[in-house]
Amino acid sequence: MKTSLVREREHEPRILVISVRGFRFQVANCSIYEFEDVLCDLEEAKLYAPKQEYEVARGIYRAVKFSTRSDRLASAVAPFPAEISLEHEYDLLFAVLDNPWQLHLLESIKNWRDKCRYKACYIMETWKPSFDDWRLRDEPFKNFDRIFTGTANCVSTLANATGIPCDYLPPAVNALKFCPYPEPHQRTIDVCCVGRRFPHVHQALFQRFQQDHNFLYYYDTVKNQNLEIEDGQEHRAKLISLLQRSRYNITAHAKFNSKDETGGSQEIGSRYFEGVAAGTVMIGMPPRGKAFQQYFDWEDAVVKVDFNHQDVLDVIEELDAQPERVANIRRRNIVNTLLKHDWVYRWRAVLAALDFKPSEAVIKREQYLQALAHSIGSCNMTLAR
């Protein structure tokens, strides 16, 4: 039986959260930084974010590990700067990463293996083509008790490659921030499409935007592979504001146009969770597989549209002619997010897998979310057009 996380704290936090926010400024990472913020609020966790990535040290580490098969020797030889040394023990070290190659960041903590009783990591993305790379086997996975990944199709592959129990932990949102209730904004943006897009769908919407001054289409204009931001919380606040003011939201599975990277796997991207949380009507095709059916198991979670054979403007016109259906879609999306897709539910899954009890703050947040969902679902409030 593992140590409970609900026992009284003795002036020090029981959880150490490792973040890459100190050197990774990509837009996609704002979602997991939101997870870290919620986690720190719930558990009063200690957050450690190294300021740099150690490419040279990682290369040396891998070379030594490959030749000696000893991660301790590799860690001793590789020139990782020991930025901090832990002064007391933690019940749990929880590393939140955007890819599996970042585990070497732990070497910047001088005594992390000895001072943290249990160790788990959440890797936002892993794709099957990566498992063809021998280097994956030389990351320090064996120090961990549990691995969580945001890509469902890689759970068994990652478990087999590392020998560590692995669980699917889908994306989520801070549902309280995304929820437009109790004072919903007017939805003045007709269609929102952020991130990757279908060129012909974008062109159709852009032409309508150019020709119809009453039609507002929000889309990205920056073409930069790094897509870096200055402040993750500011960017998240802007996204929330946009979605709360959007009627329709164009969606597609994660990295749908990068098959070389994904190997053709279809995963639930963060955009699905963000869109429903803000009460938009999502238009597109859900990813194949059981995961989407499990986590989006309500009517019209996505209004299914095959963009190769259907005109998106025709679909929008049909939906506009059904205001009651649209209002019900919005309400169901918000309610189900409050009940299923807040970050607290993901954290609860982590605790359960590690046999830890939830803290009082976790239980209270769940209760508040459920009460809010009941309030929205049972009243005839207007969610704004």
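K255 is located in the loop between β9 and α9 (259-262), where helices (H or I, at least four residues) and strands (E, at least two) are DSSP runs numbered from the N terminus. The model is predicted: local features need pLDDT of at least 70, side-chain atom pairs count only at pLDDT 80 or more, and totals for chains, interfaces and linings use all residues. Residues are numbered from 1 along each chain as its sequence is written, and side-chain values use heavy atoms, with hydrogens and water left out.

The phi of K255 is near 50°, a positive value in a residue other than glycine. K255 has a relative accessible area of 18% and is therefore buried; buried means under 20% relative accessible area, exposed over 50%, and partly exposed in between (1.4 Å probe, protein chains only). A positive phi, of about 65°, is also found at D355, which is not a glycine. D355 lies in the loop between α14 (343-353) and α15 (360-378), and its relative accessibility of 37% makes it partly exposed. Y181 and P182 are joined by a cis peptide bond with an omega of about 10°, and P182 belongs to the loop between α6 (175-178) and β7.

Five strands form an open sheet with parallel pairing, in the order β8-β7-β9-β10-β11; two strands pair if DSSP finds at least two bridges between them. β8 (217-219) and β11 (303-304) are the edge strands, each pairing on one side only. Three bridges connect β7 and β8 in the parallel sense, with C193 opposite Y219 in β8. Strand β7 (residues 189-193) also pairs with β9 over three bridges, again in the parallel sense. Here C192 stands opposite N249 in β9. On the β10 side, β9 runs parallel to strand β10 (residues 281-284) and is joined to it by four bridges, and the partner of N249 in β10 is M282. Six of the six residues of strand β9 (residues 246-251) are buried, so this strand is largely enclosed by the rest of the structure.

Helix α12 (residues 312-320) contains I316, which is buried with a relative accessible area of 5%. Apart from neighbours within four places in sequence, I316 is in contact (heavy atoms within 4.5 Å) with V191, L205, Y248 and I283. The C-alpha atoms of I316 and I283 are 8.8 Å apart, and the two residues are separated by 33 residues in sequence. Helix α10 (residues 270-277) has seven of its eight residues buried, so α10 is largely enclosed by the rest of the structure. The buried residues of α10 are S270, Y272, F273, E274, G275, V276 and A277.

Strand β1 (residues 15-19) has five of its five residues buried and is therefore largely enclosed by the rest of the structure. Both faces of β1 are covered, with I15, V17 and S19 buried on one side and L16 and I18 buried on the other. β1 pairs in the parallel sense with strand β3 (residues 90-97) over five bridges, and V17 has F94 as its bridge partner in β3. Parallel pairing of β1 with strand β2 (residues 46-48) involves three bridges, with Y48 in β2 as the bridge partner of I18.

The largest nonpolar core has 94 residues, of which L16, L93, F94, F296, L338 and W347 touch the most other members. Such a core is a set of buried Ala, Val, Leu, Ile, Met, Phe, Trp, Tyr and Cys residues joined through side-chain atoms within 4.5 Å.

On the surface, V56, I60, L73 and V77 form a nonpolar patch with about 330 Å² of accessible area together. Patches are made of residues with over 30% relative accessible area and no salt bridge, like charges being joined within 9 Å and nonpolar side chains (Val, Leu, Ile, Met, Phe, Trp, Tyr) within 5 Å. A salt bridge is a side-chain nitrogen of Lys or Arg within 4 Å of a carboxyl oxygen of Asp or Glu. Accessible areas come from the Shrake-Rupley method with a 1.4 Å probe; for residues, only the protein chains shown count as cover. The elements giving two or more residues to the nonpolar patch are α2 (55-68) and α3 (71-77). V56 lies in helix α2 and is exposed, with a relative accessible area of 62%.
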